[in-house]
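Thanks for asking me to look this one over. Here are my notes, point by point, to read with the structure open beside you.

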Amino acid sequence: MKYQNPVIRGMYPDPSMCRYKDKYYMVCSTFQYFPGVPVFESTDMINWKQIGHCLTRPSQIALHKVNSSGGVFAPTIRCHEGRFYMVTTNDTYHENFYVYTDDIYGEWSEPITVEQDGIDPSLFFEDGKTYFISNGTGANGLGCIQMCEIDIETGKKLTPSRELWQGTGGRFLESPHLYRFGEYYYLVEAEGGTEYGHMVNYARSKSIWGPYDPYPGNPVLTNRNLGGYLLQAAGHGDIVEDANGNWWFCHLAFRQIDKWLTFHHLGRETCIEPLQWQDDGWFTIGVNATAPLEVELPDSISFAPQQLSYEKTFETLSQKLDWIYLRTPEKENYRFEPDSLSLAGTAVTLDEADSPTCAFVRQTEFDLTLDCTVQPNGQEAGITFYIDELHHYEIVTQTAPDGKTCLFVRQTIGCVSHDFEKVTVAGDTASIHVVADAIQYHFYLSADGRQIHLGDAYTRYLSSEVAGGFTGVMIGLYAVNTASEKIWSRFSGLKISHQE
Ligand code: 6LW
């Protein structure tokens, strides 16, 4: 049977996974978004269902006015003696910390910090000891993977940090994960930067402190030589053996928008590859060390069919799991009803690296249609396709002085912001229709059974290649209000659909 990569679509980068009994758990990075670090569960490695977030309380993570693509960097999840640990970096504050829970469906602890620098921290448990691994700078000034032993109760270092390996010489040595399989310790990392040159390398040693011998076939996974292939940047991943003895590697990759258009705007996504052991104790990953969009598995591995088509509405989107916010949202400005969302805007706009009133879901596919009815009620309210404060497109609705509703498309690309022609409709609501494909967004007003074209916008200007950073496009329902009294805008009839 075949499955499609990415298996978790949209901005779910830097995946890490672990096994507990016969279930698998995965986490991803979330940067300036809150709640932070989604947790997914799977029983077959191909179908992943979100069950929560690790960082649900502002006391766990400082995101106030953090820079876009700052905040929460790559996490690692591990389960040790029935307790789950998630370790990550708040990159804005250069702080490494972990949280833990004994109930994977419940809340996680307050953070415990570790005084080792570098990003992409990882934990390894063995013989009553806990090792803390991150990237860092070696004695010769070059990047390295470093490790210390810590007290898992307090996070205190029990040994100095020592260099383990300097990788194979690629830029941005990161994403270290340490394992013990049989007689060897395996150190897996990523190099090349999280773009088109991304790759996975590994080394092994019989001693935990090294020296580590590199796998002769490195990189063990990369799509860097597949020019024009739609799945690029395979790298940064983690290994799990499933309950049936099959081995898997989860990793990030992105879908570029077209064969000759090297842009990606959905962010880095999560893929899964089979991992194959060789007789000599080395392993290979994927198909000829590459990550394909479609993977054929032997019949002995069974999994449920993937559900790639979807229809998301207020009724089906989960308030706890699907909706996310920038930085430190003021929850009292969001009112969720079963079939609508009301937002009270503040003076903070989408152009600021702050917390505008905006409820986001990830854009998870290139092709989609979106419908929504907006009642602005005297403030600006609308729908945004947003990658950061400098790069976003909106359909804006405003209440005209005569009580009618006007709407228009606004594009913000760097320091250029452009409002398209305004259209006015009778009544206090406007129905919005958006059709997206890989290359463009097409914006419409729906009125009297007709669709009136308001404008188009290119996806490439919301791409990571243009905007920079590590996130992807979010679809946001927002409101902005410069008056002092609170105003509630109402969004209803939301429908975001994708058909395979
Ligand atoms: C992350 C690093 C990386 O911490 O990108 O692709 C950084 N790898 O490992 C931000 O996601």
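1. Two domains. Please keep in mind that this is a predicted model. The protein is divided into domain 1, residues 2-307, and domain 2, residues 311-498. The C-alpha centres of the two domains lie 33 Å apart. Domain 1 brings 40 residues to the contact, and domain 2 brings 37.

2. What the domains bury. Between them, domain 1 and domain 2 bury about 3,300 Å², with 58% of it on carbon and sulfur atoms. Which three residues supply more than any other three of the area that domain 1 buries against domain 2? They are Tyr33, Phe34 and His265, which together supply 23% of that area.

3. Polar pairs across the interface. The interface of domain 1 and domain 2 has 17 residue pairs in polar contact, counting pairs with both residues at pLDDT 80 or more. On the side of domain 1 that touches domain 2, strand S4 (33-34), strand S6 (49-55) and strand S21 (247-255) each supply at least two residues. Strand S6 gives the most to that side, with four residues.

4. Charged pairs between the domains. Three salt bridges are found across the interface of domain 1 and domain 2. As background, side chains of opposite charge can pair when their charged atoms come close.

5. The structure holds 14 salt bridges. Another one to look up joins Arg268 and Asp14, whose closest N and O atoms are 3.5 Å apart.

6. Four strands form an open sheet in the order S2-S3-S5-S6, and the pairing is antiparallel. S2 and S6 stand at the edges with a single partner strand each, so one side of each has no neighbour in the sheet. From one strand to the next, the twist averages 25°. S2 pairs with strand S3 (residues 23-27) in the antiparallel sense over five bridges, and Cys18 has Tyr25 in S3 as its bridge partner.

7. The sheet with S7 and S10. Another open sheet of four strands runs in the order S7-S8-S9-S10, again with antiparallel pairing. Here strand S7 (76-80) and strand S10 (112-114) are at the edges; each has a single partner strand, so one side of each is left without a neighbour in the sheet. The twist averages 30° from one strand to the next. Strand S9 (residues 95-101) and S10 pair in the antiparallel sense over three bridges. The bridge partner of Tyr98 in S10 is Ile112.

8. Two cis peptide bonds to check. Most residues other than glycine have a negative phi, and most peptide bonds are trans. Phe34 and Pro35 are joined by a cis peptide bond, with omega about -5°. Pro35 sits in the loop between S4 and strand S5 (36-42). Phe34 also belongs to the trio that supplies 23% of the area domain 1 buries against domain 2. The peptide bond from Gly210 to Pro211 is cis as well, with omega near 5°. Pro211 is found in the loop between strand S17 (199-205) and strand S18 (213-214).

9. Phe172 lies in the loop between strand S14 (162-165) and strand S15 (174-181).

How values were computed:
Residues numbered from 1 in each chain as written. Predicted model: local features only at pLDDT ≥ 70, side-chain atom pairs only at ≥ 80, totals over all residues. Heavy atoms only, no water. Pairing = 2+ DSSP bridges. Axes fitted to C-alpha atoms, helices over the stretch in contact; angles between N-to-C directions. Domains from an automatic or database assignment. Contact = heavy atoms within 4.5 Å. Buried area = accessible area lost by both parts, 1.4 Å probe. Salt bridge = Lys/Arg side-chain N within 4 Å of Asp/Glu carboxyl O. Polar contact = N/O pair within 3.5 Å; in protein donor to acceptor, adjacent residues only side chain to side chain.
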